[in-house]
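Open the structure in your viewer and keep the selection tool ready. Each stop below says what to select and what is there.

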Amino acid sequence: MSRISEALKRAQQEQNPKQTTPPSRAGRGELLPEELVPLDNSLQGTLLDGCRRPNWTLEESILSRGHSEDHIVAAEELRKLGAWLTQRQRADSLKTLLVTSASPREGKTFLAVNLAWTMAQAKNRRVLLVDGDLRSPSAHLMLGAPLTPGLAEYLEGGVEESQIVQQGPLSNFFFIPGGKCTVNPVELFSTDALKKLISQLSPLFDWIVFDSTPVVSVADARLIAAMTDKLLLVVAAGTSSREAVAKARDFFVNKGLLGVVLNYADPRESYSSYYYRAYKGRQH
Ligand SMILES: Nc1ncnc2c1ncn2[C@@H]1O[C@H](COP(=O)(O)OP(=O)(O)O)[C@@H](O)[C@H]1O
Ligand SMILES: [Mg+2]
């Protein structure tokens, strides 16, 4: 077993958050064929019937597209996380999941997109990814998908549900991009519009995964969290500030925090001690 796999296994045995290992940061993949995947029959007549089906140009940061050892190991960790979530889904009533973190650039978008993509690869499991980061939407960049019209336009009241949902090359994977926000996102998330959107889309999906802003600096993710079932908190190994992570955790403990995902883990280190130190004295 490689040192990476050993470290991952050790972390798992400690029941630590799932970790991903950085793959090489390669550029964009090839353009996908123009052919459109057929719409699932069961979706005919629903609001997804009229959804957009633009061509996407997937980046290689979509883990299932990479072939390096790092990609393979990280993709496997994602599958394990997906399997764990599926178990939790059976136990709890769990469908909408928010991915957030304390600060910027900790891997929220990377995790949200890859997790949703991984879960959508299972048969008979339809997944919707929503870019809830209206300040700096970037999930569309990983997918090579159009940014607009998106969640912002919908929440501002300019477009219908069916106009913001995109279907890409994977028949089970749907996406709502962030769009272009012209007002403060806090205002948009403070109305009932997102709640209405979730309740309309929920019956059509097995999972709805939200990407979001960092929680410490702005309230957006906390407002979305109030409308989703559970959340995953991403922690960047070695760089996340302990105080910021503890603050983020305090926002959500007993309010939907399902688990912590340790991103950018160096497989040569054991992160179990890091994780527990970060929260020492703050556990309820
Ligand atoms: N595990 C990882 N392996 C490789 N690259 C990563 C990983 N996590 C994040 N990145 C990259 O780091 C950058 C910041 O991650 P991102 O997901 O955009 O952070 P956030 O959404 O928290 O601001 C992006 O370029 C992303 O592709
Ligand atoms: Mg992001």
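The tour goes from the whole chain to the sheet, then to helices and a few loop residues.

**Whole protein.** Start with everything shown; this is a predicted model. The protein has 284 residues, 44% of which count as buried. Its secondary structure consists of 11 helices and seven strands. Of the contacts between residues at least 6 apart in sequence, 81% join residues at least 24 apart.

Seven strands make up an open sheet with mixed pairing, in the order 3-4-2-5-1-6-7. Strand 3 (166-167) and strand 7 (257-263) are at the edges with a single partner strand each, so one side of each has no neighbour in the sheet.

Now select residues 96-101, strand 1, together with residues 207-211, strand 5. These two strands run parallel and are joined by three bridges. Pick leucine 97, then look for its bridge partner in strand 5, valine 209.

Select helix 3, residues 108-120. Is helix 3 mostly covered or mostly open? It is mostly covered, with 13 of its 13 residues buried. At 1.5 Å a residue, the 13 residues of helix 3 should span 18 Å, and the C-alpha atoms at its ends are 18 Å apart, which agrees.

Helix 2 makes the contact through Leu78, Arg79, Leu81 and Gly82, and helix 3 through Asn114, Leu115, Thr118 and Met119. These contact residues comprise four nonpolar, three polar and one charged.

**Loops.** Most residues other than glycine have a negative phi, and most peptide bonds are trans.

- Select threonine 148 and proline 149: a cis peptide bond joins them, with omega about -10 degrees. Proline 149 sits in the loop between helix 4 (139-143) and helix 5 (151-155).
- Select asparagine 124, in the loop between helix 3 and strand 2 (127-131). Its phi is positive, near 55 degrees. Asparagine 124 is exposed, having 7 other C-beta atoms within 10 Å.
- Select tyrosine 264, in the loop between strand 7 and helix 11 (272-279). Its phi is also positive, about 55 degrees. Tyrosine 264 counts as partly exposed, with 19 C-beta neighbours inside 10 Å.

Definitions and conventions
Residues numbered from 1 in each chain as written. Chains lettered and ligands numbered in written order. Predicted model: local features only at pLDDT ≥ 70, side-chain atom pairs only at ≥ 80, totals over all residues. Helix = DSSP H or I, 4+ residues; strand = E, 2+ residues; numbered from the N terminus. Buried ≥ 20, exposed ≤ 12 C-beta atoms within 10 Å, placed from the backbone. Contact = placed C-beta atoms within 7 Å. Expected span 1.5 Å × (residues − 1). Nonpolar A, V, L, I, M, F, W, Y, C, P; charged D, E, K, R; others polar. Pairing = 2+ DSSP bridges.
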